[in-house]
Amino acid sequence: MKIQSINNTIFQGIYIDKSKDNNGNWRMEYHPYCWEKYNTSKMTEPAEIDIFSNSLPENEKKTTVHHINYNTNEEFSEDILRTRFYYILKDGRMRNLITPAPAMNREESLIIQNKKLKNFLKLKEDYLSNLKNQITDIPQIIQGHKENYDKRSADIKEKYFKRAWRLDASYNEMDKSFNALFDEADQLLKRFKDYIRLKESCDYVQENIKKNENEVLILQKSKADNTLIDISRRDIYDPNKALWDALGNIQEAATKLLALPHKTIQMKELLKISPNTNLRQTIINHVDNLILKHI
């Protein structure tokens, strides 16, 4: 069934809409991070974004449901870069089939993750600004309830003919003002805690972005110097081949950098493993263990 392509073929993240190249038929490709699904370089199930989290899910989504009428809704899911990869339209048409595509290596993964983290940070900062405005407004609202409470309380103490309101009306107003004061104070505390939590998570995301940027520079320099051994993609046949080949010359291998799915390490550190008669296989086994245990 032909439908209008949503994003054409613009690469906006690890989802790519290829419908335009598929005669208008739906084709959404997904390129996993190299570390995705426990370092297997395979797609994980999409998970909703948590604005308070210090990180994004490996495969994040934001689901929006539009209520059309009593019996009909439209539902859309998109990643944080606004690439829409799932929808149900009001006429019942649904598109949710994702075509697996090659994973990204570590350098590509870090670049795309940073692109997403920057958008995530923008969402957090916008929400932070909104919380700040709410916190700023609450004291004025509380003051209004307090003034009303005090006014009614003072009126009750007046003699009968000097009262502006009936006693029962004033007591009711005082009850309402007291409850409103309590509710607003409770909201103030909750929003203040949310503000602190969100501010701390913003700082964490900023640190992660900087850390990723530094690692990308290291990877790019190593690649330019021809000192990079990249085995970060695990979705290919014999993913350790580049390392196995490099270990044919231990002295030269010691000067190189090794890119794993979840981190980058110096080969000289890896080669500190006690040598034995089968050093090559020992190193490969050790690397597989690092990847399996995510350490």
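Arg233 is partly exposed at 25% relative accessibility, where buried denotes under 20% relative accessible area, exposed over 50%, and partly exposed the range in between (1.4 Å probe, protein chains only). In this predicted model, local features need pLDDT of at least 70 and side-chain atom pairs count only at pLDDT 80 or more, whereas totals for chains, interfaces and linings use all residues. Residues are numbered from 1 along each chain as its sequence is written, and side-chain values use heavy atoms, with hydrogens and water left out.

Arg233 forms a salt bridge with Asp235, with 3.0 Å between the closest N and O atoms, a salt bridge being a side-chain nitrogen of Lys or Arg within 4 Å of a carboxyl oxygen of Asp or Glu. Over the whole structure, the search finds 19 salt bridges. Among them is the pair formed by the side chains of Asp225 and Lys221, at 2.8 Å from N to O; here Asp225 is partly exposed at 43% relative accessibility, while Lys221, with a relative accessible area of 54%, is exposed. A further salt bridge links Lys272 to Glu269, the closest N and O atoms lying 3.1 Å apart, and in this pair Lys272 is exposed at 61%, whereas Glu269 is partly exposed at 43%.

When its neighbours within four places in sequence are left aside, Phe85 is in contact (heavy atoms within 4.5 Å) with residues including Tyr15, Trp26, Met28, Pro46, Arg95 and Ile98.

Strand pairing was assigned where DSSP finds at least two bridges between two strands. Strand β3 (residues 47-48) runs parallel to strand β4 (residues 60-67), to which two bridges join it, and Glu48 stands opposite Lys61 in β4. Strand β4 is in turn joined by six bridges to strand β5 (residues 73-78), the two running antiparallel. A hairpin of five residues connects β4 to β5, and His67 has Asn73 of β5 as its bridge partner.

An open sheet of three strands has the order β9-β10-β11, with mixed pairing. Because β9 (228-230) and β11 (264-266) stand at the edges with a single partner strand each, one side of each is left without a neighbour in the sheet. From one strand to the next, the twist averages 20 degrees, with axes taken as lines fitted to C-alpha atoms (for helices over the stretch in contact) and angles running from 0 to 180 degrees between N-to-C directions. Within this sheet, β10 and β11 pair in the antiparallel sense over three bridges, and Leu258 stands opposite Ile265 in β11.

Terms used: Helices (H or I, at least four residues) and strands (E, at least two) are DSSP runs, numbered from the N terminus.
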